[in-house]
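Hello,

Here is the structure we talked about.

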Amino acid sequence: MLDAKLHTLLAVAETNNFTRAAQLLSLTQPAVSHHIALLEQELGAPLFVRCRGRAQLTREGEIAVRYARRMKALYEKMQEELSEAEGRLERIRVGITHTAESNLITEALAKYGNENGNVIITIITDTIKNLYDAVENYDLDLAIVEGRPRSSDLNALLLDTDSIVCVLSNNNPLARRSMVTLEDLKREKLILRLPSSGTRKLFESHLVSANESIDNFDIALEVDNIATIKDLVRKDLGVSVLARSACMDEIRKGKITSLPIENLSMIRQTSVVYRRDFVHMDMLHTFMRLYQELARMRQ
């Protein structure tokens, strides 16, 4: 069982207040203070600084909370695997980026779930950095992201390669061309992903390589949701730069047009990332097979 003092540490870190943490844990405020004092004594470091009614984590406190979260996730994971050993329901937690949310990945996960009725798949959408952190901290079993992890604690399998393209309405005069140029894009209203997204970063880095800057383009909107961007593009309210895989359904159905951008060969890899101690490799290989079968059907 996870030490009660660690539950208290996480509650105080979440609420930034000893009294609210006590209410959350159904404890008295002195009991919460006692738990934190014992932890600080055991660890030999101050965990919180009290200021104007708030409990602010110290640098040492931030480290302790990070490991406490990992320990809590590990304990919950142990409980899940013990349940699985008894033949009860299995749960797989998968993190994906906003781009992956709109392509074959979710379809392949759903197909795996349909073929394996004893499995519940939970899908979490977040930024690449947060997904890496969640996998390392045992909050996620897998993450499907663009690129490869830098941490030595994580493994990666190449799932697919993808290209970044210009996406535009069928009514846009540029749609009749075989490609667009950067000068073409400068004359268009751009609807782009947020600056923190992998797609946006890749686009901007290639602009720099071509001696260009994103500041030279007319960005009308920055939108986090891929489906919203595609809908706005389809209505001819601007053009965008997106992963081709995120637009395959619309392209195949003739709803929008995708074109390469001259002098920008924006190819990226999509990988499945997992911890070195991940035990469900059979699930991983089956998922990858289902994904590849769906990808071949869409070609």
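Are Phe-18 and Phe-48 buried or exposed? Phe-18 is buried, and Phe-48 is buried too. Please keep in mind that this is a predicted model.

Aromatic pairs first. The structure holds 3 of them. One is formed by Phe-18 and Phe-48, and it is edge-to-face. The ring centres are 5.9 Å apart, with 75° between the planes. Phe-18 belongs to helix α2 (residues 18–25), while Phe-48 belongs to strand β1 (residues 48–51), so this pair ties together parts that are 30 residues apart in sequence.

Another pair is Tyr-274 with Phe-278. The centres are 5.9 Å apart and the planes stand at 50°, so this pair counts as tilted. Tyr-274 and Phe-278 are both buried.

Next, charges over rings. Phe-18 turns up again here: the charged end of Arg-50 sits over its ring, 3.9 Å from the centre. Lys-186 lies over the face of Phe-217, with 5.9 Å to the ring centre.

Last, the cysteines. A search of the whole structure gives 0 disulfides. Cys-166 has 0% relative accessibility, so it counts as buried. Cys-247 is also at 0% and counts as buried.

Best wishes

Methods: Residues numbered from 1 in each chain as written. Predicted model: local features only at pLDDT ≥ 70, side-chain atom pairs only at ≥ 80, totals over all residues. Heavy atoms only, no water. Phe/Tyr/Trp six-rings, centres within 6.5 Å; stacked < 30°, edge-to-face > 60°. Helix = DSSP H or I, 4+ residues; strand = E, 2+ residues; numbered from the N terminus. Buried < 20%, exposed > 50% of the residue type's maximum accessible area, 1.4 Å probe, protein only. Lys NZ or Arg CZ within 6 Å of the ring centre and 35° of its normal. Disulfide = S-S within 2.5 Å.
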